[in-house]
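Me: I'd like to learn how to read a model like this one, feature by feature. Can you walk me through it?

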Amino acid sequence: MENRPLLYTVNSACMLGLSLVLVGAFYFQYGLGETPCPLCLLQRMGMLGVILGLSLNTAFGFRREHAAVVIGAALVGGSFSVRQVLLHIAPVEGEPTGYGSAVLGMHLYTWAAIVFLTTIAGTAVFLCLIRDEPAGTVRRPTLFDRSTLLFATLLCLSNALATFVECGAGACCENGPCP
Amino acid sequence: MTSRPPRLPRSVGRVEGSPPSAPTCVHLRPIPMAFLFLSYLATFACVIRGRRSAALAGLALSTALSVAMFFHHTTSGLELNF
C-alpha cells in the first residue's frame, strides 16, 4: 500500500460528514415540514455524487481519477446550489427572504454551495498527499470504512423512497408532483 | 387580443394550458426524480460489489441525468423559480 491508513480514515470521515449533511436535510423535511423543491433534490444528488467519488477511494484505493470524479460531482452540485442562490439573491418587498428556513443566517442552498466549494479545496489538499495505488491493489476496508459506505447507501435508498412518496413516479414541482 | 396557443400532445412533455415557450426550445421529457436517486443507488451497489468500471459508468450516467433534469427545470414552462 502506497498511502497511510490515516488518509483512508480521513476519506471515510469526509464521507460521513457529507452523509450527516443529508441527514440534516431529512430533519428539515420531516422535522420542520419543509418539503424539498426540485433544485433541493438535485443538490442532494450532487452530495451523493461526491460521496460516491470518495467511496471509490475506499473500495479501490486512492487514484487521481477518483479525485477528478469528486471534483466533477462537486462542480455539478455546486452549479445547482449557485443557481438557487442567484434565484433568491434579490429580496422581494413584502415576501420572506430566500427559500426555506435559515441556519446561522444562511439558507440551506448557500450552505450547500459552501460544502461543495470546501469539497473541491479538500480534494486539492488530498491530491498533494496521496499517491496512486498500483493497479490491481487489493485493499481491505476497515470497519469504519465499510460502515460509512453502508450508511451512505442507506441514505441514498431513503432519499429515493422519500422522493417517491413526495412526487410519485413523475417529476417534482414545489411541494409535490407536477400538475 | 392574443390567441391561445394550440394544445400539443402530452408526448412532447408540455402541460396543457401552460404559456408557450421560445419556438426553438425542445422540452425534454422530465425524468422522475425518484428514478434518478435509484440510478445513484445502483452505482453504490457497483462500488460495494467491487466493480470499478461499472461504478464509474453508473456515476457518469447518474450525473448526466441530473444535469438533464436541471436543464429541464430551467427551461420548463412551469414557474419553477425556487
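Me: Which residues is R63(A) in contact with, leaving aside its neighbours within four places in sequence?

Reply: Keep in mind that this is a predicted model. When you read contacts, look past the sequence neighbours and see what else the residue touches. R63(A) is in contact with N57(A), I130(A), D132(A), E133(A), A135(A) and G136(A), and also with R52(B) from the other chain. As for its place in the fold, R63(A) sits in the loop between helix 2 and helix 3 of chain A.

Me: Is R63(A) buried or exposed?

Reply: The idea is to compare relative accessibility with a cut-off: under 20% is buried, over 50% is exposed, and the range in between is partly exposed. R63(A) has 15%, so this arginine counts as buried.

Me: Which side chain does R63(A) meet in a salt bridge?

Reply: For a salt bridge, you look for a Lys or Arg side-chain nitrogen within 4 Å of an Asp or Glu carboxyl oxygen. R63(A) meets E65(A), at 3.9 Å from N to O. E65(A) is partly exposed, because its relative accessible area is 37%.

Me: What else does E65(A) pair with?

Reply: The side chain of E65(A) also meets R52(B) in a salt bridge, at 3.1 Å from N to O. This pair crosses between chains: E65(A) is in helix 3 of chain A, while R52(B) is in helix 2 (residues 52–75) of chain B.

Me: How do I read the contact between the chains? How many residues does it take from chain A and from chain B?

Reply: Chain A gives 45 residues and chain B gives 32. The area buried between the two chains is about 3,300 Å², and carbon and sulfur atoms give 84% of that. On the chain A side, M45(A), L52(A) and F60(A) supply 20% of the area this chain buries against chain B, more than any other three residues.

Me: And how many residue pairs are in polar contact between chain A and chain B?

Reply: Two, with both at pLDDT 80 or more. The salt bridge count between the chains is one. The elements of chain A that give two or more residues to this side are helix 2 (38–60), helix 3 (64–87), helix 5 and strand 3 (172–173). Helix 2 gives the most, with 15 residues.

Me: What is the phi of L104(A)?

Reply: L104(A) has a positive phi of about 55°, although it is not a glycine. You'll find L104(A) in the loop between strand 1 (102–103) and strand 2 (106–107). It is exposed, because its relative accessible area is 77%.

Me: Let's zoom out. What pattern does chain A follow along the sequence?

Reply: Read it as α-α-α-β-β-α-α-β-β, which comes from five helices and four strands. Of the 179 residues in chain A, 45% are buried. For contacts between residues at least 6 apart in sequence, 77% join residues at least 24 apart. Finally, chain A exposes about 8,600 Å², with 69% of it supplied by carbon and sulfur atoms.

How values were computed:
Residues are numbered from 1 along each chain as its sequence is written. Chains are lettered from A and ligands numbered from 1 in the order in which they are written. This is a predicted model: local features need pLDDT of at least 70, side-chain atom pairs count only at pLDDT 80 or more; totals for chains, interfaces and linings use all residues. Side-chain values use heavy atoms; hydrogens and water are left out. Contact means heavy atoms within 4.5 Å. Buried area is the accessible area (1.4 Å probe) that two parts lose on being put together, summed over both. A polar contact is a pair of N or O atoms within 3.5 Å; within protein, one must be able to donate a hydrogen and the other to accept it, and residues adjacent in sequence count only if both atoms are side-chain atoms. Buried means under 20% relative accessible area, exposed over 50%, partly exposed in between (1.4 Å probe, protein chains only). Accessible areas come from the Shrake-Rupley method with a 1.4 Å probe; for residues, only the protein chains shown count as cover.
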